[in-house]
Amino acid sequence: MIVYDKKYDVIVVGAGHAGCEAALAAARMGRSTLMLTINLDAIALMSCNPAIGGLAKGHLVKEIDALGGEMGRNIDATGIQFRVLNTKKGPAVRASRAQADKQLYRLRMKHVMEQQDDLDLKQVEVTGVVIEAGEVVGVDTRGGVRFLGKTVVLTTGTFMRGLIHIGLVNYPGGRAGDLPSIGLSDGLKDYGFDVGRLKTGTPARLDGRTIDFDRLEKQYGDENPIPFSFSTERIEQPQVPCHIAYTNPRSHDIIRSGLDRSPLYAGIIEGIGPRYCPSIEDKVVRFPEKDRHQTFIEPEGRETVEVYPSGMSTSLPIDIQWAFYRSIEGLERVEIMRPAYAIEYDYVNPIQLHASLETKLVRNLYHAGQINGTSGYEEAAAQGLMAGINAALRVQDKEPLVLGRSEAYIGVMIDDLVTLGTKEPYRMFTSRAEYRLLLREDNADLRLREKGHEIGLVKEEVYSSFLAKKELIESELARLSKERLAPSAAGEDLLEEWGLAGMQNAISYEQLLRRPEFTCQDLSRIYPAIMDLPEQVREQLEIQIKYQGYIQRQLEQVDRSARLESTKIPDDMDYGTISGLSAEVREKLARFRPDTLGQASRIPGVTPAGITILSIALKARYGR
């Protein structure tokens, strides 16, 4: 084995969405960083849907941006349709989503990586991690070169022992067109990691020239697209429409006719697939009463004819794919450019991670993305960012950055993974967050920008702009609570229009804005200067005032749980010596080895009584 002549602070294995954020974070924090990937032309490649964001996923992208990550800026520069979802619902569940120009997204991210100081990129296949005395010291590669590093971040995506399925035909691959990674997961298993098998899939890519779009329903983006990044002033590029199509009973009959050759139903696929993104054959079998399923026909870019039929992933044989896609109205003549397929891959149970994403078995080794059992670009990027940050902090002998469940969706996701583990691909949902009114898209910078600045990821000019925005919000909130509308100054017509006829006492501008249908636009009739404020500031004023009572209630809940979350449990805690714990609680704690009392309280089977006993034991032994 040849040892490379340069030792790095951080080595990142993989160049997907997790790998990109991990490598950029470490390098931007001034650490010498190496990113290794099987294919340098596939950096940040969108292997599945050509889109960023969505329900809860948009929250993650905003948080990545607030901390100083790249995903938000990248989609703002390369997006071709932007939409805010759930606009008729409350601010907690509104979410941003954007179609991307798939190739431009990849190329821009590659350019950013290539221009980043302290970051080297190399095309090699990593076959194993090098461990000495329980600590990672580098990685070995297929070409016989060993790269040494103080920390290693594994972001392997679907590549570890990847196996592609199309009907009863299968072959090794990390994704269509790329080789799998062989040997890495075997080494992890030999070292004691709990390696499992998962499955995901993707639809066919269709030739847009062979689709009759006039027979499909058009879906346009927002007239005034809202950027993902708090640093992007506006979206300049023109938007393109998507189209909506539907399956029909004939489509479902065709699918059923091929189930005997489906690897999913023939028992060939071992891995568990994503519960919330099932294949079309799974939908047809599980919901036989439905006579149609919707698909969005999404363009893969401005300069390509390829389109992506969302929700239509399948591993059915190619002849069934031809017939099935052509059974959809408007797609009768459609040609498949790339067939749909399923892919199985290895992952490592994330209960073997600390909340910093460092593994419990090997010091200085971090896991991020699909290796932890998650699905989705956004989930992967968020983990990659945190793993890269914490690897860089470790090199600097600093405490890791761990986000709590009340601070970020990133904190909710990582806590779910390391506390509960997963046996199926994990996807982020707003319903997973108990404090979701605090964790809105619109206030991600107010929650996390300061943390990003403290660790060196948010530049001074960006931070100064943020501080100005924050101070403006605070001063306007104070002004609105003091300024009052007197009955004599309002005029009877205006009072009547606002439902305040007969008002005897003055009412504050804050009280006016607290009314459900009352907006800053309405308030401008008596306070015109409010419309001179930036739109983001006006949005914060309305939300913070209208939801003040609910927000305060959640903040009180956070305060009550703070002690549990901050009480650490030593790594070498011997639960067998704690009298009073039931055998089940003792077994669960010993298996999951939680980092804090808060984590312990969320382990299924660990009772409140068990937490009380554990708390008393920690106080008696360690004064905690």
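**Rings, a helix and a threonine**

User: What is the relative accessible area of Tyr547?

Analyst: Tyr547 has a relative accessible area of 25%, so it is partly exposed. Keep in mind that this is a predicted model.

User: And Tyr550, buried or exposed?

Analyst: Tyr550 is exposed, at a relative accessible area of 51%. The cut-off for exposed is over 50%.

User: How many aromatic pairs are there?

Analyst: The count is 6 aromatic pairs. One of them joins Tyr547 and Tyr550. Their centres are 6.5 Å apart, with 50° between the planes, and the pair is tilted.

User: Which ring does the charged end of Arg292 sit over?

Analyst: The ring of Tyr246, 3.7 Å from its centre. Likewise, Arg591 has its charged end over the ring of Phe592, 5.0 Å from the centre.

User: New topic. Where is helix α4?

Analyst: Helix α4 covers residues 102-115, which is 14 residues. From first C-alpha to last, α4 reaches 20 Å, close to the 20 Å expected.

User: Which residues of α4 are buried?

Analyst: Lys102, Tyr105, Arg106, Met109, Lys110, Val112 and Met113. They span an arc of only 160° around the axis, so they lie on the same side of α4.

User: What about Thr419, buried or exposed?

Analyst: Thr419 is buried, with a relative accessible area of 3%. Thr419 belongs to helix α10, residues 409-420.

User: What does the side chain of Thr419 reach?

Analyst: The backbone oxygen of Asp415, at 2.8 Å. Leaving aside neighbours within four places in sequence, Thr419 is in contact with Ile351, Phe592, Gln599, Arg602 and Ile603. Phe592 is also the residue whose ring lies under the charged end of Arg591.

Methods: Residues numbered from 1 in each chain as written. Predicted model: local features only at pLDDT ≥ 70, side-chain atom pairs only at ≥ 80, totals over all residues. Heavy atoms only, no water. Phe/Tyr/Trp six-rings, centres within 6.5 Å; stacked < 30°, edge-to-face > 60°. Buried < 20%, exposed > 50% of the residue type's maximum accessible area, 1.4 Å probe, protein only. Lys NZ or Arg CZ within 6 Å of the ring centre and 35° of its normal. Helix = DSSP H or I, 4+ residues; strand = E, 2+ residues; numbered from the N terminus. Expected span 1.5 Å × (residues − 1). Arc of directions from axis to C-beta. Polar contact = N/O pair within 3.5 Å; in protein donor to acceptor, adjacent residues only side chain to side chain. Contact = heavy atoms within 4.5 Å.
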